[in-house]
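Look at the sequence and the structure together. Keep both in view as you read this report.

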Amino acid sequence: AVPIPSPTAVPIPVPTAVPISSPTSMPTPSSMPHPVPTIIPTGSPTALPSLTPSALPSSSPSNLPSILPYPNPTPGPTPLTPYPTATPTGYCPNDLLLLHPVMKVDHGVAWASSPTIMDDNSTVSREFGLLSGSVAPGAHSDFTLFLNDKLIGQHGSFTETIPEMASRVEVLLRSTNIYRDQRTVKVAYQLTDSAGRSTVRLGDEFDIQITLFYTGYTQLSYNGTSQTASCESLPNTTSGIGFCSMQTPIAWFSEDHDNEIYASISVLYNTIASVTSEKVVVTCKQLPTFDALIDGNMELVLPFHPLPPGATFDVIVNADTNKQALRTWQFTIEYNAAHLTYVSSTTSTNFTSTFSSHDSEGLLTVSNAGLSNDEASSQVNTGSSIYIATLTFQLNSDVSDMVLLGLFKLTTNSMENDDNIIFVSEKVGQVNDERGTGYTWGQMTVQSVSPVGIFSYAVVSELVNISPLNGIIETSSINTVLIYDESSHIDISGDVICNLYSLSDLEALSLNSCVASVSSLHFRGSSQVSVLVEYGDLSALVDMIVWYPQHVDINSSDFVLNPISENCSQYQTAQLSAYAYFNTGDSAVFKIGDVTDIVRFVSSNEGSITINGTKLEAQEIGSSEISISSFPYDVVTVHVVSTPVSLESLSVIVYTNISWVEDDTLVGLEDSFVPQVQFQRELEGYGDVGHIVVYAEFDDGTWLDVTQEAAITLVHGFENILDLQEQDRTVRVIEESGTSWCRPAIYASYSPCNNSEPVSNYGFVKKRDSRAVSCLLTIDEPQIAREGDGATLQPFNITDLATLTVTVFYDDGSSKDFTHDDRAVLTIIEGDILASLTGNKLSVLPTAVIEPDLSWDVTIEVTFPGLYNLSDSVSTTVVEFEYLTLEATHSPSIIELGPILEVRQIACTGLYQRFEMSA
């Protein structure tokens, strides 16, 4: 390939041809500023690495081929013979370093910000970021590894994102006024992080507290004091909305005037406050004062705070006994039945046999017949404020907001002492209401529940606009919760109006009702798009962030495609990649994301170069500009020339599997993370499979995966140890060697277009053996029955087929499943007349006869003839259905001898006994 100066661009993750290079200039519209990013170095090798000898056992197994010192690979046209003539003792190159893997996201949302690299320990890694809003807090991501678009192993390296800490707290006061009998300050709050996300970090280190401050004067002279308590519950994990309350000390109230106190909400992490809300003002309403009862009478205590229509409430009746021991009593309450409904009454446990009468006109009379405890009457029922009863009423739902006058009147009909002397009779009782004392008719204030504000939040508060790259529109719904005073709140998302606070933000984001979207109609990002949410005269602001792709670096692994040999119509291929530079309108702040798999590349000259996914395929000599179909601002030019490259050597690699490095570390939304996976190459025993990969290395430093095209054979002498599956390009261990070894056992050759002398090389196979120390034979069922036997039916459910499992354990702590290995021999050593084996499945013989006085056990043994001197056994029991016992009972029962043969009529009732069967 013709050398071309390298641009200031991000290299592709996986080259399949020449290393990154491009023309010195790239067409760029003046309106699209291009930053100069730091070049991310590629970690994928393009040439043979330095090979470091590794220690091997000094002895080799006797059944390995005799191999002389191993020569250096020889390039064409002279091919290597499949009989290597030199292998230095202990020589075992780490061929895994020659692989060209690519790590990708398998599930979840993450953006690669650098190429895939491999270190000297064959550990593959790649850096990923989350682009903040492209993934929700608490989301999971996992990753996969590819070789030449072929999935390798299983996905792994699970990652869970964690929310950011709360950095802002907004409060809505739900109790503007508090009263003597309702002193609880109630606050609703919403937490957001620095980006406006309503999902914030909670957990063990999180605490949220309410603080009440008082700086005024009370009759007890409490000045400059405060009280703090943790909120009773955590906020909602999605909306960030929570509720908190705290009772105010009675000493902060005054009998002379209203007092003002303040409330705030604080968020703490590890006991340190991270953010505190603004203080809100709460009014402690003036305390009503009451005269003490004298000369024997009763009082009716009404609520002192307003109640909404439909509310249920209690009124209390107390008594002054005028130093008498109260024994019986009777009182009457007149109430306004047009506004109130009587619900129920309860009386003091000191009294018993309570009677009440009630009519629809609003007259309620309650009396008792005595004491529940005569011995304690003088101590319990003597005093100036003896509790008598609680009466429950409900405000009618059609009552308007008002002060209801003349609502209750109390008459003390009688109060009688222990000597049956009536010491109070037909006396107007005292009513204590919101005004205080001195009234015979009580009043109450009706005040409907009303909204105090709204909280709004975006399901995704940070949007990444990828529509200019692929036409996909990203959206986020804006939800709204209406907060009422007292304790209720409802979702009103469908009833609000959403508008952009600034029309200039239409350049970054659009609104359809309350759904925000970013698309190709927009042409910039924004660090703050404010959405105004309105519900009547209530409003809230939702801040959103928009990331926009200001620039895309398109990269090609080769900018000049050559024929791969003389007189060959096959050209080199090249791999395309694209890294987008997203920002929020601030040209100094960019986040990089690999967008290769979400864009569509186009070629300006498909006669010369076509594109298959992300691969460039040359058709004929010429040039073509490569761009992204919906984002034509960034272009690279690739040439097809007639000058062939020369095939220099082959790289032959054998790997067995990959092992993901699992990391439970939680990832912050602003963080990057690096999943890791390690290639493995050791074959551990019989049946283990190695995968063969072959790369053609060209003299211009490029490579081509020719695994399927290369001719692959086993080196002479390994035919009895390894089995080569040419179609699958795998090698399988078929004989135990008893010793670890590393030898060039694979021979591969490749001729471009099959019209030139092939180039060949050897692939090393590494075998590690461990000593088997024990085995375990298990069976999944303790009992087994013949197919179709009654024991297999409900409720017994005994199986008719049991499964055996064989496991071998080695001295290095590893284990291997031998269940389906034909070298593990299963034999019935007891009970072979009862059951039979088919593979690892045990079943009862149809001809089996179970004798009562003989053993019903079946014992199976596993051995490994000629392989391991190990054995183990396991047993199961054969069962069969024998008989069923039925019992019958009558109800009502009749004593009689012998079996019950009939159901009889019960006397002259016309009814019959109930007949029940049990088995």
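Predicted model: local features only at pLDDT ≥ 70, side-chain atom pairs only at ≥ 80, totals over all residues.

Residues are numbered from 1 along each chain as its sequence is written, and side-chain values use heavy atoms, with hydrogens and water left out.

**Disulfides**

A disulfide is a covalent bond between the sulfur atoms of two cysteines. Here, a pair of cysteine sulfur atoms counts as one when they lie within 2.5 Å. A search of the whole structure turns up four disulfides. How are the bonded cysteines paired when they are numbered in sequence order? The pairing is 1-7, 2-3, 4-5, 6-8.

| Disulfide | S to S distance |
|---|---|
| Cys 92 and Cys 742 | 2.0 Å |
| Cys 498 and Cys 514 | 1.9 Å |
| Cys 568 and Cys 753 | 1.5 Å |

Take the link of Cys 92 and Cys 742. Its angle about the S-S bond is 75°, and the link is right-handed. The pair joins distant parts of the chain, 650 residues apart. Cys 92 sits in the segment before strand S1 (101–107), while Cys 742 belongs to strand S59 (residues 741–750). Helices (H or I, at least four residues) and strands (E, at least two) are DSSP runs, numbered from the N terminus. Are these cysteines buried or exposed? Buried means under 20% relative accessible area, exposed means over 50%, and partly exposed lies in between (1.4 Å probe, protein chains only). Cys 92 has 3% relative accessibility, so it counts as buried. Cys 742 is at 0%, so it counts as buried too.

Next come Cys 498 and Cys 514. This link is also right-handed, with 95° about the S-S bond. Cys 498 is in strand S35 (residues 497–500). Cys 514 is in the loop between strand S36 (510–512) and strand S37 (515–518). The two are 16 residues apart, and both are buried.

Now Cys 568 and Cys 753. Cys 568 lies in the loop between strand S40 (560–561) and strand S41 (573–583), and Cys 753 lies in the loop between S59 and strand S60 (759–767), so the pair ties together parts that are 185 residues apart in sequence. Cys 568 counts as buried because its relative accessibility is 9%. Cys 753 is at 32%, so it counts as partly exposed.

Cys 284 is buried at 0% relative accessibility. Cys 775 is buried at 11%.

Strands of a sheet pair through backbone hydrogen bonds, either parallel or antiparallel. In this model, two strands pair if DSSP finds at least two bridges between them.

Strand S28 (residues 430–433) runs antiparallel to S29, and two bridges join them. Within this pair, Asp 433 stands opposite Gly 436 in S29.

**A further strand pair**

S1 and S6 pair in the antiparallel sense over six bridges. Lys 104 stands opposite Thr 144 in S6. Strand S6 (residues 140–147) is mostly covered, with seven of its eight residues buried.
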